Structures are given as structure tokens and as C-alpha cells.
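Reader: I have a structure open and would like to go through it. Could you take my questions as they come?
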Amino acid sequence: MKMDDIAQLANVSKSAVSIALNNRPGVSDETRQRILKIVKEQNYSPQHRLHKAPAKSILHFITISPEDHTQQATKLPFFASLIAEFSVITQQKSIGLQIENLEPAQLADRISTIDEDAPGYFGTIVLATALNRKQVESFTKALKRVLILDAPFKNLSVNAVSIDNYLGGYCAANELLKRGYEDIGYVAAREPYPNYLERQQGFNARLAEAQMKIHLKYQVGSMTMNQDSDMATIFTKPLPRAFFCDNDYIAIRLMRLAQQKGLKIPQDLAIMGFDDIGEGRVTSPDLTTVHVPVATIAKVAVSRLQEIKDNQLVDYHLKQYVQPQVTIRHSI
């Protein structure tokens, strides 16, 4: 016995039978009772079809811990804010977000398990700040729907979204020069990441235009705000009037040490960072920095992966650079 048979016996439409069985408005009480009586007499049992909800698309977001650093990237303030923006964007687009942190030794095994033909697979984003060229290629050679984030490698043909670090460094130097600082130092990251190198190149280029050079340069660890010992030598020599730092972690540590030594910021020493992490807004004074628009990075990256998923603009690789901007606060 099918629903069509019940409808014929009750002399009603199939939709009327469905309305009665599901106790929805749309038929008279008399018709409803007649349908239900026939259903009982014929011992009819509706065959409920199981409708599977379409599988939600899943975006794989992979971070890689630096080989010489035990802290996961997802726990560092800048990367945490970046991932939070990806969570917002993917939620708005009804895309699932799977976040995982890998050690460098785990890369090959993990890449081999990514099935781009699996139902619901949206794509893979690799936060490649700490990766070298060979490690980036391990993803781009194995996967089609992959986007490299935060390390474009200009000598590689890849789909990538990155900060315009050169411009950020250039603008930072320009701001210091505009404010009259001439004796300028640079606290650089010890890690040879492409992002940092490009920031230094942009900074140096602006100083060169002004026929100036960095007076003092130091190298320290860049991925923590809790290690001050590697900065101790900075205060054993005469200080410049202002310091630019490769990121806010370094700048906040430098500010903390300077204040411990009785220096006033910015009266005795001006300090400027890069990234605009939340912690820099609650220092005293609050940190002047180069703001990185993480919300824009997330939007651009997800949109580019959507294009690749939809087989649009895939005849060439696309590198997109997001422009940072100097945010003036009170540390310079």
C-alpha cells in the first residue's frame, strides 16, 4: 500500500494524505478523519525516506610549529586572531573549519592523507610563516586546492595570500623619519623568515632614500613575549633615539625591559612594532605599530580557494598582497 493508494481510496489528492498524516493544516477535519480511518483499516505505514543533509564543506587550516620552537602557532596572539577571522568567514559561508597544528616531521604523512576528491572537501590553507621552500613545495606539488598563507616565496609559482611586508617596513621607516627621528635602531627577528627579511628590506630602502642608515641592529627571538635574556645586550651600549622591531612580540619585550631600566617611553626611547596584536593596545603607553588587516586576509584567502574549488581562474597561480597600515599610538 502506497500513499497514492490511500489517496485514491479517500478520493483526495496525495498532498491531502500527506497533510493529514503529518497533522498539518490544509484539510477539513472531516477529510482528515476519513483519511486516517482508511490508513488504519489498510494498516498503512508511511515509508519515511531518510534525507541525508548535504555534507558541509570543510576547509583544512594547517599550521606548522617552527623546528626550534615548542609553542604552537595557534597559541600566539597574531596567529590566534588570524584564525579567529577565518572562523568568522567560514561560519558566514557555512563552511566547516578544521584546524590542526603539525610538527615539520609530520608534514609528509599528513599531506598523503588529504583526499581532495572526498565529499565536502573545500580546500587547504597552510600557514607557512615558518616553512622553507621545500616544505611549501611538499604541499603545492601534492595538492591542487591549496593556498599558502603568510609566506609567498616570490621564486615559487603558488596560490598565496600574504601581507605586503616590504611596504609595511617602508611605511614604518617613513613614519619615524616624518616625526624627526634620525638616530634609529632595528631589533630584528633571529629567524630567517621571508616576512621579516622583506620588512627589513622595505625599512632600509626608505632610510636609503633619506640618505640614512640603521645605527644599531640586534637580532632576537621573535615568537615569544616571555624571553628577555636575549635582549640584555641592547642596553649595554648607547641607545638610539628610536627602535623599530620586526614584530609586536619583540617591541613589547623591549618596552618592558626599557621601563625596568627606568627609561620613559617615548621620551627617552621610541618603540614601534609590526602586526598590531591586542596586547600592544594595553601596554603603557600603547604601542605604535604596523597594522595587519587579518579580516581582509581571511576574506581574500577563502574567496581565492572558492575560485579554485569552482574551477575558476585556475590556469595560473595568483599571489595577492594585503596592504598593512601604520597605526599611531603613544610609543613614538
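Reader: Which residue forms a salt bridge with Asp 276?
Author: Arg 281 does, and the closest N and O atoms of the two are 3.3 Å apart. A salt bridge here is a side-chain nitrogen of Lys or Arg within 4 Å of a carboxyl oxygen of Asp or Glu. This is a predicted model, where local features need pLDDT of at least 70 and side-chain atom pairs count only at pLDDT 80 or more, while totals for chains, interfaces and linings use all residues. Residues are numbered from 1 along each chain as its sequence is written, and side-chain values use heavy atoms, with hydrogens and water left out.

Reader: Asp 276 and Arg 281: buried or exposed, or partly exposed?
Author: Asp 276 is buried, at 9% relative accessibility. Arg 281 is partly exposed, with a relative accessible area of 45%. Buried means under 20% relative accessible area, exposed over 50%, and partly exposed in between, using a 1.4 Å probe and protein chains only.

Reader: How many salt bridges does the structure hold?
Author: It holds 11 salt bridges. One of them joins the side chains of Asp 230 and Arg 190, at 3.8 Å from N to O. That pair links distant parts of the chain, 40 residues apart: Asp 230 is in the loop between β7 and β8, and Arg 190 is in the loop between β6 and α8 (194-209). The helix and strand names come from DSSP runs, numbered from the N terminus: helices are H or I with at least four residues, strands are E with at least two.

Reader: What is the accessibility of Asp 230 and of Arg 190?
Author: Asp 230 has a relative accessible area of 14%, so it counts as buried. For Arg 190 the value is 44%, which makes it partly exposed.

Reader: Which residue meets Arg 304 in a salt bridge?
Author: Glu 307, with 3.0 Å from N to O. Both are in helix α10 (residues 294-309), and because they are three residues apart, about one helical turn separates them. Arg 304 is buried at 1% relative accessibility, and Glu 307 is partly exposed at 22%.

Reader: Which residues are linked in a network of salt bridges?
Author: Glu 175, Lys 178 and Arg 179 are.

Reader: New topic. In what order do the strands of the open sheet come?
Author: Four strands form it, in the order β7-β6-β8-β9, with parallel pairing. β7 (216-220) and β9 (270-272) are at the edges with a single partner strand each, so one side of each has no neighbour in the sheet. Neighbouring strands are turned by 20° against each other on average, direction ignored; the axes are lines fitted to C-alpha atoms, for helices over the stretch in contact, and angles run from 0 to 180 degrees between N-to-C directions.

Reader: How many bridges join β6 to β8?
Author: Four, between residues 184-189 of β6 and residues 242-245 of β8. Two strands pair if DSSP finds at least two bridges between them. Gly 185, for instance, has Phe 243 in β8 as its bridge partner.

Reader: And how many disulfides are there?
Author: The count comes to zero, a disulfide being a pair of cysteine sulfur atoms within 2.5 Å. For Cys 171, the nearest cysteine sulfur is that of Cys 245, 17 Å away. Cys 171 is partly exposed, with a relative accessible area of 25%, whereas Cys 245 is buried at 0% relative accessibility.
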